[in-house]
Amino acid sequence: MASITGSFTSLSCSLMPNQAVNRVSKLGSVSLSISGKSFPSLRVQPARFHASCAAKPETVDKVCKIVRKQLALPDESKVAGHSNFASLGADSLDTVEIVMGLEEEFSISVEEESAQNIATVQDAADLIEKLIENKGA
Amino acid sequence: MKFQCLGKQLFNSSANLPRIQLPSPMEAHLWYIIPSEVQSQSLLNQYAEILSPCEKEIVFEMRDEELRKRALLARALVRTTIARYQINSHVSPRSLKFIKNVHGKPEVDWQHCEQWRPLPLHFNISHTSSLIACGVTVDSPIGIDVEKKNRRLKHNVMSFAQRYFSKHEVQVLSAISDPQLQQQEFIKLWTLKEAYVKALGRGFSDAPFKTFTIRIRSANKGSFAGNSNFEASEIVVDSFDDSMDLTSDWKFVLMDLAGSHYAAICTKKDSSIQGIQITPTKLTVWKTIPFVHDECVSGTAAVVIISG
C-alpha cells in the first residue's frame, strides 16, 4: 500500500508493498538518505543538535526567510524547522550562499566543519544560537 | 504492478541500454540528461521503477514537481549509466545497490549486487535544474560539477570570493573588469573547486575552499593566464597544506557543455607517469535519455573543451 503523502500527484508509480515499513523511522532515515542522494560538496549529515537546545522560533523564522530568498521560493511554499535544504532544491552553491547570508544576518562566522553538518533549517538555527552564545561568553 | 503493454515491460530490464566498454584508465566518460527533454509520464514511471524503495521514498516526498523530477532523473541516470558497462548481461539497473563511504560519498556496493560482475568503476554525479551529469572512470576517483553558465549569485561575486576562495583566486577575479566575464570566470572556478573536493571524496570540511588554489595556466608560456584561450592550457591545484594530499596527483578538464553549462571533471593522474608532461584526459561525452536515445556528442559543438 502506498503510504505516500498526498503531495505527489503527477508521478504515478507502482510501489512495493513493504514500503510502508520505512515510515516508522522516517525522520532519521530522511536525513541519512538525503545525505547520500546528491552528495553536494557541502555535504549534509544527520543533525548533531539535540532538541534540548533547540533554537528560538524567531531565529528559525529568520533562517526560513534567508532560505526562501536564496532559493527564490514562492510565498506559499512551506519552509519550516524540519525543512531539508536539499529537498527544497538547494545545491552546494545555494547552501554556501545560505551560510553566507546567515553569517551576515547574525554577525557570526561559520567554520566549514560546522557548515557541513547543516542539513535543515533547524540545524542552521541551532548552530547560529550556539555561535552567538559562544561569542558572548 | 502496472504493465501497459508487453513492449514497455522490456524497458524495465536493461535490454534497452546499449552496452559499452569501460573507459580505459586514462579516460573519462560523461553522460548527461536535459530534464526538460523528458516529458513522457510513462517514461518517468519507468525510471521510477528502477529506483530502490528508499530512493523512491525520498523522491516522492519532495513537494515540488520539478524537484521531484530532477531527483528521479538523477537516480535513474546513475543506475542506467552503470548498467551499460555490464557487458554480456541483462541485469536490471534496479538491482544495483549503493553504499556510502565513511564521508558520505556514494559508491556501488558490489558485494550486495547479486548477478553483477564487479567493475572497477568510479562515478560521481552533479545536477542543476537544467542538466544532470554522471561521470565514470576506472581505477581513479572522480569528481564532477556542472553549473549554468549564466548563474547569478545572490551575493556580489567579489564578496563571495573573498569569503570562500583563496587569495590568488580573488586576485585573478578582481583583475577582470568586465562584470560578465568576471561572473563566468567565477563559475568556472567554482565548478573546478567543487569537482576537486568531490573527487577527494572526504567532504567539504576536509578541503575548505580557501585552503587550495586552482590555476588555469598556459603550458606553452609557463606563465599564469587569467583567461584560458590557450589550446595547451593546464589546470592545476595547489594546496597550502600539502600534507593533506599530493595536489600534483590531480588533473582537470573544464568544458562548455551543451552551450549552457560549465562542467568540470577532476580525476587522479596515473602515478606511473612522472614529470611535468600532462597527458590530457581522453573524454567521451554522451547526451542521453535512458532507454530511449543516446547520442555521442564529443567533438561536436555540444562539448567545447576550455582547458585540460
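1. Let me start in chain B with Arg84(B). Leaving out residues up to four places away in sequence, Arg84(B) touches Leu17(B), Pro18(B), Arg19(B), Ile20(B), Trp31(B), Thr288(B), Pro290(B) and Asp294(B). One caveat before going on: this is a predicted model. Arg84(B) belongs to helix α4, which covers residues 65-84 of chain B. Its relative accessibility is 0%, so Arg84(B) counts as buried. On the polar side, the Arg84(B) side chain makes a polar contact with the side chain of Thr288(B), at 3.1 Å.

2. Thr288(B) turns up again with Tyr32(B). The two residues are 256 apart along the chain, yet their C-alpha atoms are separated by 6.0 Å. Tyr32(B) is part of strand β1 of chain B and counts as buried because its relative accessibility is 1%. With neighbours within four places in sequence set aside, the contacts of Tyr32(B) include Leu131(B), Ile132(B) and Ala133(B), then Leu257(B) and Ala258(B). Further along the chain, Val285(B), Trp286(B), Lys287(B), Thr288(B), Val297(B) and Ala302(B) are also in contact with Tyr32(B).

3. A second ring pair has another geometry worth checking. For Tyr196(B) and Trp250(B), the centres are 6.2 Å apart and the planes are at 85°, so the pair is edge-to-face. Tyr196(B) lies in helix α7 (residues 179-200) and Trp250(B) in strand β9 (residues 250-257), so the pair ties together parts of chain B that are 54 residues apart in sequence. Tyr196(B) and Trp250(B) are both buried.

4. Ring pairs join Tyr196(B) and Trp250(B) with Phe160(B), Tyr164(B), Phe165(B), Phe186(B), Trp190(B), Phe209(B), Phe212(B) and Phe252(B). Phe212(B), a member of this cluster, also has a charge over its ring: the charged end of Lys193(B) sits there, 4.2 Å from the ring centre. Elsewhere in chain B, Arg75(B) lies over the face of Phe98(B), with 5.2 Å to the ring centre.

5. Helix α3 of chain B (residues 53-61) deserves a look for its cover. Of its 9 residues, 7 are buried, so to speak mostly covered by the definition of under 20% relative accessible area. Which residues of α3(B) are buried? They are Glu55(B), Lys56(B), Glu57(B), Ile58(B), Val59(B), Phe60(B) and Glu61(B).

6. On to chain A, which has 5 helices and 0 strands. From the N terminus on, its elements run α-α-α-α-α. Chain A has 137 residues, and 53% of them are buried. Taking contacts between residues at least 6 apart in sequence, 61% join residues at least 24 apart.

7. The unreviewed UniProt entry places the annotation "domain: Carrier" on residues 57-132 of chain A. Over that stretch the chain is 62% helix and 0% strand, and the end C-alpha atoms are 15 Å apart.

8. Most residues other than glycine have a negative phi. Ala72(A) is not a glycine, but its phi is positive, at about 50°. Ala72(A) is in the loop between α2 (57-71) and α3 (92-106) of chain A, and counts as exposed because its relative accessibility is 58%. Asp139(B), also a residue other than glycine, has a positive phi near 65°. The place of Asp139(B) is the loop between β5 (132-138) and β6 (142-148) of chain B. Is Asp139(B) buried or exposed? With a relative accessible area of 55%, Asp139(B) is exposed.

Definitions and conventions: Residues numbered from 1 in each chain as written. Chains lettered and ligands numbered in written order. Predicted model: local features only at pLDDT ≥ 70, side-chain atom pairs only at ≥ 80, totals over all residues. Heavy atoms only, no water. UniProt positions renumbered as here; feature names shortened; annotations may be inferred. Helix = DSSP H or I, 4+ residues; strand = E, 2+ residues; numbered from the N terminus. Phe/Tyr/Trp six-rings, centres within 6.5 Å; stacked < 30°, edge-to-face > 60°. Buried < 20%, exposed > 50% of the residue type's maximum accessible area, 1.4 Å probe, protein only. Lys NZ or Arg CZ within 6 Å of the ring centre and 35° of its normal. Contact = heavy atoms within 4.5 Å. Polar contact = N/O pair within 3.5 Å; in protein donor to acceptor, adjacent residues only side chain to side chain.
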